[in-house]
Amino acid sequence: MVDYVAEQLGLDSSKLKGFGEKGARWDHQKLIREAYGYHNFEDHSIPLACWVYRRAWSNNERPIVLFDLVTHRLVEAKILLPGVSTLERVISEVRERVAHRQHKILASLPSPTQKAALEDLVTVTEGQRASKLDRLRKSPTDVSSGGVVKALDRHVELRALGASTWDLSGVPAGKVAALARFAQAARAKAVADLADDRKLATLVAFAATFEPRSADEAIEVFDLVIGGLVRTSAFKAGKERLRTIKDLDTAAIVLREVWLKIRDVAADPDGDLRAARDAMDVTAIHAAAADTSGEVAQEPDEDFQDQLLDRYATIRRFLSKLMKTVDFHAGAVEGRGQGNRRGFEVLEAIDFLKSIERRRTPILPKEVPAAILTSAWHRRVFPKRGPNAGGFDKLAYTVATVERLRDCLRRQELFVPGLPKWGDPTAGSCRGRHGRRPARWSAETWACHPNPAWTCSGGPPPRTRPTNSSPQACPATTTPPAMSGCGSRNPRARTGWSSPALRNSTNPPP
């Protein structure tokens, strides 16, 4: 083989004798590497470890995915691939270091009292068959007034852990969500057997994730309960309407015949209205006009208000706790009258119900915020006939407020800040000062910055006049930050190798 290669190269075979045993092959490898522009892995191991660290810190990628990305990165950068075990060791060590740092940050957030409360979640008290963690991580399944109370109690218990006082911005949200998923799926005993920092970090992630989720689920149960009451009330109202429609038709026919007789007598110059009236059955006419029509006939805007009002006892069981537990909002004050006016009206009604919850003195109609009331509810809240004529009906006002509260929540005119589903619909949108959207970018700026989302909150960077020294300079003076391209299908963009700061870094992250 050596003689054949020497012949092909036009060299004396004696010069290649002992090539495998001597150090010449290492020199030849260096020459070949320099000729084709390849680099040793050892010279770039620290920048690669820094890149893997940043990738593992910000993403929840499996080790095999990181291994493929690292391999692609090395091949693209013309770095000689090391052994498989070397890359596995680098990735595993970096992931372990990332996990240790995340656990340490999360474990340092709660106070000593909060730490004791969190650790108590995984302990089973005497006489109980399950821990608090097992109970709190179960979503409510009881769609009833009692189910709303249980869901609100669960939210209050989770809120008492104090997760709203923790600043989780130091850890990526995906990492917190992954720890919360583990706490939700694993047995309480498995969580209790974790190392101190990891156990506490897992419980912190669980509390921070499930506090807003429990509020979401409580409002969801409330929405289902009120929706069920509205549907059953509408069904009963429709059924009652069908049952009495024949009585209304009979009364209408009687009144029509009476009117026709009176019209004919009035049209006759010699007609006697008194004699015609005496000939009529006044009792039947009175029953048709006063009794049947008065009880069965409805206003055009009537729907199911009476049937829903009969379910006040169901609403009363959870309404007080709902108003005390959940803090509803309607948006910015300066936005009043621009789409969320109805939300502020419902908030005024809720505040009024809170103020009169234990009030014993009479309530005057002028004290009541009646902007939320439809005409059908207005007739019931401020009746003009009956024993409470000219007064205020607290039961009808409460039911009307609850119905409008559900309607505003479904229309997103009311929300609870910080919730995933029932939270602020404008959260995360691009807005500048005073809640206004940033100005549109010019075509010139779009050409230089194809992704304007880099300056979402403050609008495009200021433009400057290009100088003679840089006639092709971008009119935007600031350069957008380097993007890792996590969502791109291009492997080069996904690995982020184009960033020279990562490639030339020599110091590992803290």
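Let me begin with Thr 202, which is buried, with a relative accessible area of 0%. Buried here means under 20% relative accessible area, exposed means over 50%, and partly exposed is in between, with a 1.4 Å probe and protein chains only. Before going on, the ground rules: this is a predicted model, where local features need pLDDT of at least 70, side-chain atom pairs count only at pLDDT 80 or more, and totals for chains, interfaces and linings use all residues. Residues are numbered from 1 along each chain as its sequence is written, and side-chain values use heavy atoms, with hydrogens and water left out.

Back to Thr 202, which is found in helix α11. Helices are DSSP runs of H or I with at least four residues, strands are E runs of at least two, and both are numbered from the N terminus. What does Thr 202 touch, not counting residues up to four places away in sequence? The answer is Leu 179, Phe 182, Ala 183, Val 191 and Leu 194. A contact means heavy atoms within 4.5 Å.

Now the whole protein. There are 21 helices and 0 strands. Of its 510 residues, 35% are buried. Taking contacts with a separation of 6 or more, 68% are between residues 24 or more positions apart. The accessible surface, from the Shrake-Rupley method with a 1.4 Å probe, comes to about 31300 Å², and carbon and sulfur atoms account for 53% of that.

Next, one helix pair. Two packed helices are described by the angle between their axes and the distance between the axes. For α8 and α11 the angle is about 165 degrees and the axes are 9 Å apart. The axes are lines fitted to C-alpha atoms over the stretch in contact, and angles run from 0 to 180 degrees between N-to-C directions. The two helices are therefore roughly antiparallel to each other; the cut-offs are under 35 degrees for roughly parallel, over 145 for roughly antiparallel, 65 to 115 for roughly perpendicular, and oblique for the rest. Residues that meet across this pair include Val 148, Ala 151 and Leu 152 in α8, and Phe 206, Phe 210 and Ala 218 in α11.

That pair also holds a salt bridge, between the side chains of Arg 154 and Glu 217, at 2.6 Å from N to O. Arg 154 lies in α8 (residues 145-159) and Glu 217 in α11 (residues 196-267), so the bridge ties together parts that are 63 residues apart in sequence. Both residues are buried. The rule for a salt bridge is a side-chain nitrogen of Lys or Arg within 4 Å of a carboxyl oxygen of Asp or Glu, and the count comes to 17.

Helix α11 takes part in another one. Arg 410 and Asp 223 meet at 2.9 Å, N to O. Arg 410 is in helix α18 (residues 394-410) and Asp 223 in α11, 187 residues apart.

Lys 132 sits in helix α7 (residues 132-136), and Asp 120 in the loop between α6 (112-119) and α7. Lys 132 is partly exposed at 31%, and Asp 120 is partly exposed at 29%.
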